[in-house]
Amino acid sequence: MCQLIRARWPHALAAAVAVLSLLASGCTGSGAIGGTPGATTLTVAIVANPQMRDVETLTPAFERSHPGVRVHYVTLPENEARQKITESVATGSREFDVVMISNYETPMWARNGWLTDLQPLADRTPGYDPSDFIGPIRRALSYRGRLYSVPFYGESSFLMYRKDLFAAHHLTMPPHPTWRQVAAFASRLHDPRHGRAGICLRGAPGWGQVLAPLNTVINTFGGRWYDMRWNAQLTSPAVQRAVGFYVGLVRRDGEPAAATAGFTECATHFAQGNAAMWYDATSAAGLLEDPASSKVVGRVGYAAAPVEVTASSGWLYSWSFGIPTATVHKDAAWQFIAWATSRDYIKLVGRKLGWSRLLPGSRESTYTIPQYRKVSRPFGGPTLAAIRRADPEHPTVQPVPYTGVQFLDIPEFQDLGTRVSQQINAAIAGQQSVRSALDQSQQYAQTVGRGYRQPSHQEGPHGR
């Protein structure tokens, strides 16, 4: 069994230098590659989500208005992107000029000096208006009150359900359901003979995959990863109940091949009419209301993230753009970021690709656009309410020494969360029991927790 990484960044990733030296990089981000002679070519690392494919489609508009800049994208699946971008930024590589990160990485990387302070750039860019960013998202992307990445889109989580199926079965979804109610609905609506799952839930390994929804379940069942002394709590009764519930629900009434399903797979499954409910990111709503990608347009209802013993349980997340301090193209990098996160870009998406595909959860002004207000009437209000209800400082019933709902704001979580997710994934796949998965996960968490009980770590995780 590999030993769990315990060192704090940047030391935890020092070994990545050797790894990176073996990687062949055809996109260093320096100089020009074709196009306008003397143009700067930016290498932008992004995640392979639908909204990111939209920005690739619309980038020619940016290049026309900025003839001195060309954009080259490196598009990677979520798990691969996290590892690749982390290794690159942590080692000071100039491989990427712009990186897509989140509110997990941003404050930690800012503290380590890996990211450019974007606040002065945002403040002096005419019409950019960083104060328009939705408050909880803006704060989550800040370190010591200054923006170190800016949101491409933001999200919380909620429950999506088929209103037509509920009506046909004489069922009523409450606006604030409990997980017990959701399980009962899933049991009633599960119909594998007709290719319909009662609910779709992520089961794929990855701290940003299965652990995103599962952590909200752990929290609302009263569980936590650590107590205030950094003692691991993954075998506590509350965590065992939560994980047992989640694994049992997805195995009993979930989608086929749930152990391989992440956000993208569940989005496709639900949009094709093959699930009665789906608990996931609020950003999914635009996909479900887009006739080009969905067969359930107009038939979806949106309810708050299910709870058990807490008042709310939704997560808080943002895919955002940052500039590594190592890049030599900061001005051009900011020009691209300012365009891709501007109010004008959001409107461009609507005009060119459809108003249901606007980037949600980033700017308050998005929700005042008449065309978007019309198409987002079913989900716009629930999205904003979910983002504003999310409480990363107090995610569960008992106090915790970390910040975060679906993640822990410690650098070790990228490795720890991945290892724990693999254990949960094996339980979903039927390869081991929930108890065995949590026993092994407890050992991983204890290894990390011991490091935080050392005198040098008594200050706890980074502050914002």
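Good morning. Buried residues make up 62% of the 464 residues in the protein chain, where buried means under 20% relative accessible area, exposed over 50%, and partly exposed in between, with a 1.4 Å probe and protein chains only. This is a predicted model, in which local features need pLDDT of at least 70 and side-chain atom pairs count only at pLDDT 80 or more, while totals for chains, interfaces and linings use all residues. Residues are numbered from 1 along each chain as its sequence is written, and side-chain values use heavy atoms, with hydrogens and water left out.

Let me begin with the overall picture. The protein chain contains 18 helices and ten strands; these are DSSP runs numbered from the N terminus, helices being H or I with at least four residues and strands E with at least two. Of the contacts with a separation of 6 or more, 75% are between residues 24 or more positions apart, a contact being heavy atoms within 4.5 Å. The accessible surface of the protein chain is about 17700 Å², and carbon and sulfur atoms account for 52% of that surface; the areas come from the Shrake-Rupley method with a 1.4 Å probe, and for residues only the protein chains shown count as cover.

I turn now to strand S3, residues 98–101. Which of its faces are covered? Both are: Val98 and Met100 are buried on one side, and Val99 and Ile101 are buried on the other. S3 runs parallel to strand S1, residues 40–47, and two bridges join them; strands count as paired if DSSP finds at least two bridges between them. Val98 is the bridge partner of Val44. With strand S10, residues 317–322, S3 runs antiparallel, through three bridges. There, Met100 stands opposite Phe321.

Next, two helices. In helix H9, residues 211–220, ten of the ten residues are buried. Among the elements that cover them are helix H8 (179–189), helix H10 (237–253), strand S8 (277–281) and helix H17 (413–428). Just after H9, Gly222 takes a positive phi of about 90°.

In H8, the buried residues are Trp179, Val182, Ala183, Phe185, Ala186 and Leu189. Why do they lie on the same side of H8? They cover an arc of only 160° around the axis, which puts them on that same side; the arc is that of the directions from the helix axis to the C-beta atoms. As background, an α-helix has 3.6 residues a turn, so residues three or four places apart point the same way. The cover over the buried residues of H8 includes strand S7 (157–162), helix H7 (163–168), H9, H10 and S8.

How many salt bridges does the structure hold? It holds 17, counting a side-chain nitrogen of Lys or Arg within 4 Å of a carboxyl oxygen of Asp or Glu.

In one, the side chains of Arg82 and Glu105 meet at 3.7 Å, N to O. Arg82 lies in helix H3 (residues 78–90) and Glu105 in helix H4 (residues 105–111), so this pair ties together parts that are 23 residues apart in sequence. Arg82 and Glu105 are both buried.

In another, Arg180 and Glu308 meet at 3.1 Å, N to O. Arg180 belongs to H8 and Glu308 to the loop between strand S9 (300–304) and S10, so the pair ties together parts 128 residues apart in sequence. Arg180 is partly exposed at 47% relative accessibility, and Glu308 is partly exposed at 27%.

The remaining pair is Arg343 and Asp132, at 3.9 Å, N to O. Here Arg343 is in helix H14 (residues 343–353) and Asp132 in the loop between helix H5 (119–124) and helix H6 (135–140), 211 residues apart. Arg343 counts as partly exposed at 29% relative accessibility, whereas Asp132 is buried at 8%.

Finally, the aromatic rings. There are 33 aromatic pairs, where rings of Phe, Tyr and Trp (its six-membered ring) pair if their centres lie within 6.5 Å, with planes under 30 degrees apart counted as stacked, over 60 as edge-to-face and the rest as tilted. The rings of Tyr73 and Phe336 have centres 6.1 Å apart and planes at 65°, so the pair is edge-to-face. Tyr73 lies in strand S2 (residues 69–76) and Phe336 in helix H13 (residues 330–340), so the pair ties together parts 263 residues apart in sequence. Both Tyr73 and Phe336 are buried. Ring pairs link Phe62, Tyr73, Phe152, Tyr153, Phe321, Phe336, Trp339 and Tyr345 into a cluster. Thank you.
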